[in-house]
Amino acid sequence: MEILVDADACPVKEEVYKVALRHAAPVTVIANAPIRIPQHELIKRVTVNDHYDAADDYVAEHAHSRAVVITADILLAERCLKNDAVVLGPKGDPFTKDSIGGAIAARALMADLRAGAESTMGGPAPFQKADRSRFLQALDVALVRLKRAG
């Protein structure tokens with residue numbers, strides 16, 4: 001069992017470390033540039049080159065049925081789901097094989113709306129304390145399920 005973190009813009013890295021250490025789950029933090037991580041034997045950093053999708057490619061290639069992937073990238077989530085990984089967004093929302101098609105369609109629709117909009121459209125809602133709490137709970141549940149599946 002392991003956790004793979006698409007880390008470049010991940011707002012919940014500290015929460016990942018907290019839950020991972022409680023479950024003794026190894027964490028790999030993947031980013032395009034060196035980022036600070038806690039010094040712990042269960043936590044490692046992988047810095048990929050600056051190629052556009054290098055971090056995504058690394059995460060997708062290493063995703064598997066005993067991995068929890070943390071990402072806000074819907075297209076990366078789809079790639080990881082194809083490898084049977086558990087995929088969570090940073091607000092604790094799971095990506096599933098049943099929900100990913102709708103998420104991709106919504107992403108495409110929003111991109112089209114932004115491209116055609118003359119007024120500025122707002123981005124995602126600001127990250128809230130409740131989002132962190134929801135994420136902590138979702139990650140804990142995912143790791144417990146993987147442990148039980150054994």
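Valine 69 stands opposite valine 87 in strand 5, where strands are DSSP runs of E with at least two residues and helices are runs of H or I with at least four, numbered from the N terminus. The model is predicted: local features need pLDDT of at least 70, side-chain atom pairs count only at pLDDT 80 or more, and totals for chains, interfaces and linings use all residues. Residues are numbered from 1 along each chain as its sequence is written, and side-chain values use heavy atoms, with hydrogens and water left out.

**Sheet**

- Strand 4 and strand 5 (residues 86–88) run parallel and are joined by three bridges; two strands count as paired if DSSP finds at least two bridges between them.
- The open sheet has six strands in the order 3-2-1-4-5-6, with mixed pairing.
- Strand 3 (43–47) and strand 6 (94–95) are at the edges with a single partner strand each, so one side of each has no neighbour in the sheet.

**Helices on the sheet**

- Helix 1 packs on the sheet and touches strand 1, strand 2, strand 3 and strand 4, contact meaning heavy atoms within 4.5 Å.
- The direction of helix 1 makes about 160° with that of strand 2; axes are lines fitted to C-alpha atoms, for helices over the stretch in contact, and angles run from 0 to 180 degrees between N-to-C directions.
- Helix 5 also packs on the sheet, touching strand 1, strand 4 and strand 5, and its direction makes about 160° with that of strand 4.

**Nonpolar cores**

- In the largest nonpolar core, of 25 residues, Ile3, Val27, Val68, Ile70 and Leu139 touch the most other members; such a core is a set of buried Ala, Val, Leu, Ile, Met, Phe, Trp, Tyr and Cys residues joined through side-chain atoms within 4.5 Å.
- Two or more residues of this core come from each of strand 1 (2–6), helix 1 (13–23), strand 2 (27–31), strand 4 (67–70) and helix 5 (129–149).
- Helix 5 gives the most to this core, with six residues.
- Apart from this core lies another, of 21 residues, including Tyr58, Val59, Ala85 and Phe95.

**Single residues**

- Glutamate 15 is in helix 1 and counts as buried at 12% relative accessibility; buried means under 20% relative accessible area, exposed over 50%, and partly exposed in between (1.4 Å probe, protein chains only).
- Not counting residues up to four places away in sequence, glutamate 15 touches Arg132, Phe135 and Leu136.
- Alanine 24, in the loop between helix 1 and strand 2, has a positive phi near 55° and is exposed at 51% relative accessibility.
- Aspartate 84, in the loop between helix 3 (74–81) and strand 5, has a positive phi of about 65° and is partly exposed at 44%.
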